[in-house]
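Please examine the following structure together with the explanation set out below it. The text is intended to be read with the coordinates at hand.

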Amino acid sequence: MQRDLVERAARGDQEAFEGLVRLSADRLFAIAHRILRDHHLAEDAVQQALVTIWDELPRLRDPERFDAWTYRLIARASIAAAKRERRGPGGGALVRLLPADADASRAPDDFGSVADRDEVERGFRQLKPEQRAILTLHHYAGLSSPEIADVLGIPVGTAGSRLHYASQALRATLEAHARADQGKERSA
Amino acid sequence: MTTPNEQDRRIAAWFEEPQGRVPEGTIEAALAHARTHPRGRDPLAAFRRDPMGSGGFGLGRIAQPLPLLAAVGLLLAAAVAGAAIGGWFEREPAVVPPVVSPSPSVTPSEAPSGPATLRVDLIEHVGNDAFIEIIDESFTLTEAISGDPGDGVDVEQDLVRVENDPADPATVVLTWSGGTCDTRHELVINADGRTLRMFRGTCEGDSLGGVGHVLRLTFDAPAPAAEFDATIETTP
């Protein structure tokens, strides 16, 4: 079904394009939001990706590559948005909180303690946008290193090493926060 | 202190958090763009670069059957047009780009769907002001800055030396030499982030060689110099 929509949208069929958008938009938003940690920036990234899909779809030769292509577009749009935000006034902070609808209905036990979640959140925000993107493609989208390599257009070895460095950086940040918290508890 | 397994579990659980749905307004904006930019079948679509094709440059990019045919066709058409208007035998000399003063550092300004591009003015002490345009198809470059070649460099012509900055494993230093009129350069960082293809304009009538150029590239992760494949070509 998706292949048919892709082929028709590539020929300029706007109804088919709408069908594709409705199939893909939530998935793209979930990825953008995980990378950017900001509802509004994620909306902008999704909109940018959707516009690019319409503009450049005729160039996509293999309709079966549509999903991988959209992962590439949303990852790039999100990285670009994060870098723009970092260069903007305030220099570096993606500090808006999660949207109200993100987890208000969930009990903390669903994913561990609230403190756990906040710690991971803090650590993740300190990573570079490219590292956040690769971790999101792996942990959320469930892509393997070869699939990430395909999506990002990089060699498999490079994807593997970037994933390794990103995971290592997140773990190191979490460890550093844990040590800092322990230090505060002792001094208190 | 948490163990690595505990951390991995926490990270995995955190990624499973729901993130809400995309607002309808975002979808409507994209659909409005499609309505205001209608298009039919693109007859040249087959000749355009596949966005999921290889990120190569030059021959590597056009050496696929259809793009190759398109390129040959375009070259023939250009040759015929050039001959027809009589310009084939009376070409004007190449236009020299405007001179710019060296700037210390530039960071990429990327378009969301295309490669990031930036221009760095190269420091040199002998000839004219020189610059390099950098096209980063890998989106891994975080900074580019000219190094100071001093009185010269000991790199053979047509070679680019790649070394790591001892103080920063994410920074590689490119060094190459040329003539005093080597002012225009282009560097393409392929999507793999490790293939560097440099192009420089023809520098005719230059008797002074040995002008050095140094470019420092900083990436978003450690970039061992041994992983790089760097070439330099002279183009018309």
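The model is predicted, and local features are described where pLDDT is at least 70. Along the sequence of chain B, the order is α-α-α-α-β-β-β-β-β-β-β-β-β-β. Chain B has 236 residues, of which 42% count as buried. Considering contacts in chain B between residues at least 6 apart in sequence, 65% join residues at least 24 apart.

The next topic is the interface between the two chains. The size of an interface is often given as the accessible area lost when the parts come together. For chain A and chain B, the buried area is about 6,200 Å², and carbon and sulfur atoms give 55% of this area. Three arginines deserve attention here: R59(A), R61(A) and R76(A) supply 12% of the area that chain A buries against chain B, more than any other three residues. In terms of contacts, 74 residues of chain A touch 61 residues of chain B.

Salt bridges also span this interface, where five are found. One salt bridge between the chains pairs R10(B) with E119(A), with the closest N and O atoms 2.6 Å apart. R10(B) belongs to helix α1 (residues 4-15) of chain B and E119(A) to helix α6 of chain A, so this pair joins two chains. Both partners are covered: R10(B) is buried at 5% relative accessibility, and E119(A) is buried at 14%. Salt bridges that share partners also connect E18(A), R22(A), E24(B), E28(B) and R35(B) in one network. Within that set, E28(B) and R22(A) form a salt bridge with an N to O distance of 3.8 Å.

Over all chains, the structure holds 23 salt bridges. E64(A) pairs with R3(A), and the closest N and O atoms lie 2.9 Å apart. Because E64(A) sits in the loop between α3 (39-56) and α4 of chain A while R3(A) sits in helix α1 (residues 2-10) of chain A, the pair ties together parts that are 61 residues apart in sequence. E64(A) is exposed, with a relative accessible area of 54%, whereas R3(A) counts as partly exposed at 38%.

The second example is the salt bridge between the side chains of E121(A) and R37(A), at 2.7 Å from N to O. This pair, too, links distant parts of the chain: E121(A) is in helix α6 (residues 114-125) of chain A and R37(A) is in the loop between α2 (14-36) and α3 of chain A, 84 residues apart. Both E121(A) and R37(A) are buried.

Two or more lining residues come from each of the elements α4 (66-87), α7 (129-139) and α9 (156-187) of chain A. By residue class, the lining of the largest cavity divides into nine nonpolar, three polar and five charged residues.

Among these elements, α7(A) gives the most to the lining of the largest cavity, with four residues. This helix, α7(A), is also mostly covered, since nine of its 11 residues are buried. The buried residues of α7(A) include E130(A), Q131(A) and R132(A), as well as P129(A) and A133(A).

F139(B) lies in the loop between β3 (130-136) and β4 (141-147) of chain B. At 7% relative accessibility, F139(B) is buried.

Key. Residues numbered from 1 in each chain as written. Chains lettered and ligands numbered in written order. Predicted model: local features only at pLDDT ≥ 70, side-chain atom pairs only at ≥ 80, totals over all residues. Heavy atoms only, no water. Nonpolar A, V, L, I, M, F, W, Y, C, P; charged D, E, K, R; others polar. Salt bridge = Lys/Arg side-chain N within 4 Å of Asp/Glu carboxyl O. Buried < 20%, exposed > 50% of the residue type's maximum accessible area, 1.4 Å probe, protein only. Contact = heavy atoms within 4.5 Å. Buried area = accessible area lost by both parts, 1.4 Å probe.
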